[in-house]
Amino acid sequence: MNLDFGCTRLILAKCNAEGLLRNQAAYVLATAWHETGHTMHPVREMGGETYLRSKAYYPYVGMGFVQLTWKRNYELASKKLGVDFVANPRLLLDPEHAAVILVTGMRDGWFTGKKLADYITLQESNFAGARRIINGTDRAALIAGHAVQYDAALKAVGYGG
């Protein structure tokens with residue numbers, strides 16, 4: 001995986017600043033890779049306006065590196081960052097905001113109550129199980145495979161030690 005692609009370095013800087021382990025950072029990057037459609041840039045949920053309006057969570061559609069959805073999650077991110085994402089949802093497309101939400105949200109369990117340390121520690125890299133941090137088990141094996149690749153890339157550059 002290319003550590004210089006898109007906003008990867010920004011996400012890594014946030015992971016490092018928050019003290020994430022190498023394998024935790026790898027899973028964060030794998031999640032962003034998947035959730036952004038391999039762009040490593042914050043994106044808005046795919047689909048036209050008619051499709052998005054049909055969603056129960058509209059207008060709080062998926063945005064950012066982690067596809068934050070639902071008003072309650074926009075409110076939580078607003079409270080944590082001191083930015084009104086409810087009134088201005090497109091602020092979630094700002095890479096700085098999106099990186100904080102991705103890293104801190106995964107570390108602290110904002111999205112499902114599950115957090116990085118529940119699955120990924122110094123002793124274990126349960127990348128498939130870690131999908132529960134974001135979205136149940138949807139595409140868990142695929143994202144786990146990306147995490148393995150990111151972990152190797154991070155190890156090669158000496159991340160975290």
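Residues are numbered from 1 along each chain as its sequence is written, and side-chain values use heavy atoms, with hydrogens and water left out. Because the model is predicted, local features need pLDDT of at least 70 and side-chain atom pairs count only at pLDDT 80 or more, while totals for chains, interfaces and linings use all residues.

**Helix packing**

Helix 2 (residues 22-35) packs against helix 7 (residues 140-156) at an angle of about 130°, and their axes are 8 Å apart. Helices are DSSP runs (H or I, at least four residues), numbered from the N terminus; axes are lines fitted to C-alpha atoms over the stretch in contact, with angles from 0 to 180 degrees between N-to-C directions.

Residues taking part in the contact (heavy atoms within 4.5 Å) include Tyr27 and Trp33 of helix 2 and His146 and Tyr150 of helix 7. By class, the contact residues are 11 nonpolar, four polar and three charged. Here Ala, Val, Leu, Ile, Met, Phe, Trp, Tyr, Cys and Pro count as nonpolar, Asp, Glu, Lys and Arg as charged, and the others, Gly among them, as polar.

**Cysteines**

The structure holds zero disulfides, a disulfide being a pair of cysteine sulfur atoms within 2.5 Å. Cys7 and Cys15 are both buried, that is, under 20% relative accessible area with a 1.4 Å probe and protein chains only.

| Cysteine | Closest cysteine sulfur | Relative accessible area |
|---|---|---|
| Cys7 | Cys15, 13 Å | 11% |
| Cys15 | Cys7, 13 Å | 0% |

The sulfur of Cys7 is too far from that of Cys15 for a bond.

Note on methods:
Helix = DSSP H or I, 4+ residues; strand = E, 2+ residues; numbered from the N terminus. Buried < 20%, exposed > 50% of the residue type's maximum accessible area, 1.4 Å probe, protein only.
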